Structure formats: structure tokens, C-alpha cells
Amino acid sequence: MKNLHYTALLILLAISMGLLGTSILLMGHHSHISMTTDFFAISELLPNTIFNSIAGVAFIIAAALSVIAIKRIKLRAKLGVFIIVLSTIALLPLLGSSMWIESLGGFPAIGSGQGVIKYFALLSIGIFLTRPYLESRKAIWLNAFPVVLVLLWIGGMKFTLLEAKGIEALVSSSPLMSWMYNVWDLQTTSNLIGVYDLIALTLLILAIFNQKLLIPAVLMSGAVFAVTQTFFLSWPAALSSETLLSTGGHFLIKDLWFGANLLIFTTLLRSNKQPQAH
């Protein structure tokens, strides 16, 4: 993988981790961090604000390492290990019950865990950074997996009324998507977004076997995460004057990780060679 692409990858990591870490520090309390400490049964050991500070500092350290690793290639593997640890800690609470919607039968009806499953994208990036010479085909699947997973999982949730209502504020605020409510009702609009997500993930999988589908696959998948970033401009609740990002903003900024996945996926599929560290 060319150094230019590594630079873009590390910049995406630095931006997302830096904003997340700073925002978490300013918040003083974050419900997902409380869920995590509850899962590990350590909530009583320290005040919530301390756990929050630890998490915020960890993200800021990851952001700093990402910036330094742009020039210091040997640091990338260590950054990868650090990211793997962070993402694993965040993902393990999915094994508990707090992330699932009981009224919809629990797993796979995901509620609070919608932001947590995005750490699969970060985990894939961490593994890739620790193993830059991973066989190309495996690295391609490694970075396709989190994109396919989130499009399937969150896209599938779009067919539920709960999720249709959940995205209403986002969609109605967007100049790119609000027109849909003028044509279709709430549930139909959500269903169509879900169908789009399913088509995008299907193309992404097919592109691995037929590179002629690579451009439409990446454009469709990438558009999902690019549009998500536009919500920072259109959805007032994404930002906070006190904490930079709201918890909703945290959910949105994590989509930069999928942009990184798609960058790696596209580069490796086009080259179809062993990824290179230089």
C-alpha cells in the first residue's frame, strides 16, 4: 500500500480519534462508557468521570500516535496494537444485554450498540496496521467485513418503525435527503434507505470477485458514510458548544473509520498485490 494512502488513512484516524477523545474528556460522563464498565463489573472501582477521562485520554493518545506514525513507519504496528485494544474493549459489551432492544426480541435488534458495532471498522484497521504484509486477499476481506456488517446490520434495522423514527431528525435536516419525506411516508423512506444499504453491500462483496464492479461498489458504500458526515452541517444536535461533539456526533464521526476501510479495500483490490509498508 502506497505511503500516500497510509497518510490518508492515518489522517482519518487522527481526526476521528482526536475529536472523540477531546469530546469525551469535556463531557465528564458518557453512557456507553458506563455500559462498558458495567459489563466488566468495574464501575464501583472509580467514579464515572475518571473512567471517562481514561477513555478520552486513550483516544487522544491514539490520535497523537496516528499523526506521528505518518512519518515514523515503525510506529504503525504499535498504533495498530493500541487500536486493537481500544476496539476490543468497546466491542466486548456486545456480549451483554444492554446493547439490544428487548421489545424487538433482543439480538440482533441493536439499540445502544449501533455506535459500538462501528468499532469493528477500527478493529480491522488495527489488525491491518499490525500486519502490513498480510496476504492481500485476506486484507481485502478484513476491510470489507466491517463495511458489509454495518450496512447489513444498521441497514436492516431501517425496516423497523423504531429505526425509521430514530433517523427522522437526521433525514429531515439534510438537504440531500429531506425531499424523500415529500414523496414517501416515514417508514417507506426508511425502507428505501435500507434497500440502498443492502444493494451497496452486495456490490461490495461482488466487487471482490469482479473488479468491474469496484467503482460503483465503493461509490455507493462510500456515499453512505460521506452523507453521514454532512449531518454535522445540517443536524444541529451533532455538535455542542460545550463538548465539541454530542453523543450523536460521536456516532457520526466514527464513520470516518469506514472511509479508511474502503480506502484500504480499494487500494488492495486494484493492486491485487501484497500490501507494502512504504
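Predicted model: local features only at pLDDT ≥ 70, side-chain atom pairs only at ≥ 80, totals over all residues.

## Packing of H6 and H10

Two packed helices are described by the angle between their axes and the distance between the axes. Helix H6, which covers residues 136–157, packs with helix H10, residues 186–209, at an angle of about 165°, and the two axes lie 8 Å apart. Because the angle is over 145 degrees, H6 counts as roughly antiparallel to H10. The crossing in which H6 passes H10 is left-handed.

On the H6 side, the contact is made by Arg137, Ile140, Trp141, Ala144, Val147, Val148, Leu151, Leu152 and Gly155, which meet Gly194, Asp197, Leu198, Ala200, Leu201, Leu204, Ile205, Ile208 and Phe209 of H10. By residue class, this contact of H6 with H10 divides into 14 nonpolar, two polar and two charged residues.

## Surroundings of Ser23

Ser23 belongs to helix H1, which spans residues 3–27, and it counts as buried because its relative accessibility is 0%. A polar atom of the Ser23 side chain lies 2.7 Å from the backbone oxygen of Thr243. When neighbours within four places in sequence are left aside, Ser23 is in contact with Thr243, Leu245 and His250.

## Surroundings of Leu123

Leu123 is placed in helix H5, residues 119–130, where, leaving aside neighbours within four places in sequence, Leu123 is in contact with Ile84, Ser87, Thr88 and Leu91. Between Leu123 and Ala226 there are 20 Å in space, taken from C-alpha to C-alpha, and the two are 103 residues apart in sequence.

Terms used: Residues numbered from 1 in each chain as written. Heavy atoms only, no water. Helix = DSSP H or I, 4+ residues; strand = E, 2+ residues; numbered from the N terminus. Buried < 20%, exposed > 50% of the residue type's maximum accessible area, 1.4 Å probe, protein only. Polar contact = N/O pair within 3.5 Å; in protein donor to acceptor, adjacent residues only side chain to side chain. Contact = heavy atoms within 4.5 Å. Axes fitted to C-alpha atoms, helices over the stretch in contact; angles between N-to-C directions. Parallel < 35°, antiparallel > 145°, perpendicular 65-115°, else oblique. Left-handed = near helix turned anticlockwise from the far one by under 90°. Nonpolar A, V, L, I, M, F, W, Y, C, P; charged D, E, K, R; others polar.
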